[in-house]
Amino acid sequence: GDFKVDFDLAKIISDIHSNTAIYPLLQLHFIFDIENLTDWRETYKIDPLIEDARTQINTFMEELLTIKDNLNEENITFAAGEIDKIELEPVVDLNITEVGDDIELLRTTMETVLGAAPGVPEDVKNEMLKYIDEIQEEFDGGLEPSVSNVQQSLSDILQLYGNGSHFKMEETVNETFVLIYGAFDYFETPAVMSFFNTSVDTLTKVVDDYVAHAIDAANNHIGNTGPLSNIYNATYTDI
């Protein structure tokens, strides 16, 4: 609402000579009371927000910990063990180029047989050899490089997750479960909430300290009127 501010000129002059800051000198607290900043947590409803965040964290951790009881460790470990039993060395070591050599040998043999066979029309011979040539072309242009790429990829994976001929998935799965259960054990401790509370306390203290600094600066330092006092004294002396 409307308010009236009374200024006492004599007091203002006295305060100027006392190097009073501009905020108390002009009674600016009637416009904005900086002391209200000390209630910033209530004014901006910070505490309910903190409590809501704390509740959400607790809910999330409770839901997360329910997963621990639903982990089918036994079946997963069994499946990993079965994967480890698969013999992959013959696939990795398969010499695909030998297949190409066999196709070439087949063509040479077929050409010899057809050439020696009496009464086989020339166009039939050419058609049969054409089919073999197409097989050879398909092998050289697509099958061989594709199989070689697959073999190389499989070999790389076996080196990374196995011993070169077999996967070692069961060992990896067991190590993973150790990490998972370690994480669950951690979440069951107060560590997460302690970290949250410590972070909140640190941040709110920073704001509290800054508010205290701002209030002190406004009341005692910002716009100190000592220079005005000097000007007044100099003017008064000259006159």
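This is a predicted model: local features need pLDDT of at least 70, side-chain atom pairs count only at pLDDT 80 or more; totals for chains, interfaces and linings use all residues.

Guide: Residues are numbered from 1 along each chain as its sequence is written, and side-chain values use heavy atoms, leaving out hydrogens and water.

Visitor: How do the axes of α4 and α9 cross?

Guide: Two packed helices are described by the angle between their axes and the distance between the axes. Here helix α4 (residues 46–68) and helix α9 (residues 169–187) have axes that come within 10 Å and cross at roughly 145°. Axes are lines fitted to C-alpha atoms, for helices over the stretch in contact, with angles from 0 to 180 degrees between N-to-C directions. Helices are DSSP runs (H or I, at least four residues), numbered from the N terminus.

Visitor: Which residues of α4 and α9 meet?

Guide: With contact meaning heavy atoms within 4.5 Å, Met 61, Leu 64, Leu 65, Ile 67 and Lys 68 in α4 meet Tyr 181, Phe 184, Asp 185 and Phe 187 in α9.

Visitor: Why is the pair Phe 177 and Tyr 181 called stacked?

Guide: A pair of aromatic rings is described by the distance of the centres and the angle of the planes. Rings of Phe, Tyr and Trp (its six-membered ring) pair if their centres lie within 6.5 Å; planes under 30 degrees apart count as stacked, over 60 as edge-to-face and the rest as tilted. The count comes to two aromatic pairs. The ring centres of Phe 177 and Tyr 181 are 6.0 Å apart and the planes at 25°, so this pair is stacked. Tyr 186 and Phe 187 form an edge-to-face pair, 5.9 Å centre to centre with 70° between the planes.

Definitions and conventions. Helices (H or I, at least four residues) and strands (E, at least two) are DSSP runs, numbered from the N terminus.
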